[in-house]
Structures are given as structure tokens and as C-alpha cells.
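Please walk through this fold with me, one element at a time. Keep the coordinates open as you read.

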Amino acid sequence: MPVNPLVGLGRLGQSPWYDYITRDLLTTGELDRLIREDDLLGMTSNPTIFEKAVSGSDLYDDDIVQGVRAGKAPAEIFEALAVADVRGACDHFRETFDRLNNGDGTVSIEVSPGAAFDTEATVAEARRLWTSVGRPNAFIKIPGTEPGLAAITRCLAEGINVNITLLFSLQRYEQVIGAWLAGLEQRLDAGQPIDHLHSVASFFVSRVDTKIDPLLDKRGDPEHIRGTIAIANAALAYDLFQQTLASPRWKALAAQGAHVQRPLWASTSTKDPQFPDIYYVEALVAPQTVNTMPPETFAAYKDHGRPEVRIQQAMAEAPGRLAALARAGIDLAAVTDELEAEGVKKFAASYDSLLKGIEAKAGELAAR
């Protein structure tokens, strides 16, 4: 019997996670099936995912009514819904978390996008969410903005698992690695253990091509690099990850029981119909990484994925691809800066829409 390609990814050292959460995944047994049959090893969420889950179903109606009756504001109602889902999912993954002890079996919940450029607000919200979920296999997602760097260090130093999100550039990723190492070092200096602490760095992939390919189209793409820059950018991030693991600074922490901060490939669904639906997943299979996939991409990979470590080829081709991009007159750093700002704005818009949707639904339910 052929091996399930998703299981094959795990055997190669890449953990398949689900970039989706909704209440019925937990209550119908579907999440348990994914864990059992597809070797699902984790789950991520964000305001856009929760917006679709809450507004697109009646699964949360009773909880919304209860929240309104308790006098809660829409933001408080949403947080209660999200915390309940994440806590429940953490319980389903707990056996995986305890067995593997590598950061798998975890579920991520994000600080509100409004805190993305405010270090103190981010830390305060991360503390509250960590306490509210109350599970050792939760991740608190913190945007990797410049103000987020200090928040990452402080949260890790306090013993909070952190998923750093919205990473697009190598420069920012390098800063995030520094913030992670500093958090572990500060915790050690305070006499606290670090052997239970986990972190991932979520590096976004397909959005880079979504931004760059139209620019190449205008220039005629003379060197035929359309659809290759996102993979090249991620491959160089993986190279930076490997360099970090070879550094004396990391080795000193590893000797104290520190766990690796794995790169997590996010935004790996294919946006351009000219490319295969598992284009980015296939290209970035690599040991000690995570790939979080939306349900459609997850199902597509199960159906026709061909798991094989291909990151070395992408790393070998990356410098030439980026040199060709520079010759085309496109500034990758400017593009990734723009993507970071846009990413925060998109999540903020989803969050605002979500709160308005809860408010509207609360009014409708109260009128019945």
C-alpha cells in the first residue's frame, strides 16, 4: 500500500500542519482523523481564518448569545471563542506534543493585529492569551515587525512558546533568530529552564511571487524567473537557519536543553493557476521544518504529493535567481518591506471585519 504523502513528509523531517481551525473540526472527530490517518502534527490560526469560521457558520451562535448576555464587547466575545477552540485543539494534540517533544502537537493563537507595532501591548496580550489557553502545547503568534522583536525576546524569557509570523525578508528573519536566542539566554541567566520552550519562525512564501511576478510581467521577464523568487527567498532563509545551528551561540544553548526554532513555511497555497496546486510545498521539503497548509492544499498533497527533500536544489539556484531579479531592476528588500506592512493591514482588516460580524450576528440573534 502506498505511503500517504503527508506521512511521507513527516518521515523526511518536515511536519505537516493545518492552517485552519473551526469548532466542528473538534466536535465531529475530523481533527482526530487527520491526526490518526494523515499524521497531522499541528495547527495554526489567524484573524482571517476565525473570521470565516465565525461569520460563515452557526457553530458559534450560542456562545455569542451568552457573551452578549454577559455584557461582553465583540473583542471579548471573539477572544473567548478563539481561546476555547485553541484550548480544545491543544487537548486533541496533547499526546503528539508529549510524545515528540519537538514543538509538534501545538496550536497557535495570534495577538490582535492592532498590537503589531506596540511592544508593550504585544507582551501584555501574549501573557493574557497564554494564561487563558492554559496549555503547554499552545503557541502565541507574534508578528515579526521591528517592535515585535523585543516582545519575542521578553515572551520567550518568560517561558511563553512563540510562533513568529509574517516573515518575508532574510534581514528580518536574521533579527528574529537573534531575538529568539536572546530570549533563551535571558531565561537561562534568570536561572529558569529552557528545555520545555518551543518556537517556530513563520516565513511566508507564495505572497512574494504574487507581488513580484506582475512586476516581471511588465518587464517581459527576460531571464525567465517568474514564479521562482519566493522559493529562492525561502531557500536562503533555510540556509540561514542551518548556519545558526552551526554557531557557537546556538550550541551553548542546545547544551542546556534548548529546542531548535524551526522555519515554518506559511502561505504555501498556489495563488497563480499557471503553477501546480502543490508547487510551493514540493519545492520546500526540508528536514527540521514545518509546512502549514490550508485544507485545500493539504488535501491536494495527500492526493498527489511526491515527498522528496528538494531544498538543496532550491538553495543552489537561489543566488542566481536573486541576481537575475536585481538585473531586472526589482528591489527585493523593498518588496518584502511592503509585504510585511500589507500583511499586518490585511490581518487588521480581517480582525475588524470579524468584530463587526460578531456585533451584527449578536443583534440578529437577540432579535429572534
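Start with a helix pair. The axes of helix H10 (residues 206-219) and helix H11 (residues 229-245) come within 7 Å and cross at roughly 135°. Angles over 145 degrees would count as roughly antiparallel, and 65 to 115 as roughly perpendicular. H10 is therefore oblique to H11. Their crossing is right-handed. On the H10 side, the contact is made by Ser206, Val208, Asp209 and Ile212. H11 contributes Ile229, Ala230 and Asn233. Bear in mind that this is a predicted model.

Now turn to the sheet. Eight strands close into a barrel, in the order E1-E2-E3-E4-E5-E6-E7-E8, with parallel pairing. Neighbouring strands of this sheet are turned by 30° against each other on average, direction ignored.

Take strand E3 (residues 106-110) next. E3 and E4 are joined by four bridges in the parallel sense. Glutamate 110 has lysine 141 in E4 as its bridge partner. Helix H6 (residues 74-100) packs on the sheet here, touching strand E2 (42-44), E3 and E4. The direction of H6 makes about 160° with that of E3.

Isoleucine 109 also sits in E3. Is it buried or exposed? Its relative accessibility is 3%, so isoleucine 109 counts as buried. Beyond its neighbours within four places in sequence, isoleucine 109 touches Ser45, Ala82, Val83, Val86, Leu129, Val133, Phe139, Ile140 and Lys141. For a sense of distance, take alanine 334. Isoleucine 109 and alanine 334 lie 225 residues apart in sequence and 29 Å apart in space, C-alpha to C-alpha.

Move on to E5. Strand E4 (residues 138-143) pairs with E5 in parallel over four bridges. Isoleucine 142 stands opposite isoleucine 164 in E5. E4, helix H8 (residues 146-157) and E5 form a right-handed β-α-β unit. From E5 the chain crosses through helix H9 (residues 170-189) to E6, and this β-α-β crossover is right-handed.

E5 and strand E6 (residues 199-204) run parallel and are joined by four bridges. Asparagine 163 stands opposite valine 200 in E6. H9 lies across E5, E6 and strand E7 (262-266). H9 runs at about 175° to E6.

How enclosed is strand E5 (residues 162-167) by the rest of the structure? Six of its six residues are buried, so E5 is largely enclosed.

Notes:
Residues are numbered from 1 along each chain as its sequence is written. This is a predicted model: local features need pLDDT of at least 70, side-chain atom pairs count only at pLDDT 80 or more; totals for chains, interfaces and linings use all residues. Side-chain values use heavy atoms; hydrogens and water are left out. Buried means under 20% relative accessible area, exposed over 50%, partly exposed in between (1.4 Å probe, protein chains only). Helices (H or I, at least four residues) and strands (E, at least two) are DSSP runs, numbered from the N terminus. Two strands pair if DSSP finds at least two bridges between them. A crossover is right-handed if, with the strands pointing away from the viewer, the path from the first strand over the helix to the second runs clockwise. Axes are lines fitted to C-alpha atoms, for helices over the stretch in contact, and angles run from 0 to 180 degrees between N-to-C directions. Angles under 35 degrees count as roughly parallel, over 145 as roughly antiparallel, 65 to 115 as roughly perpendicular and the rest as oblique. A crossing is left-handed if the near helix is turned anticlockwise from the far one by less than a right angle, and right-handed if clockwise. Contact means heavy atoms within 4.5 Å.
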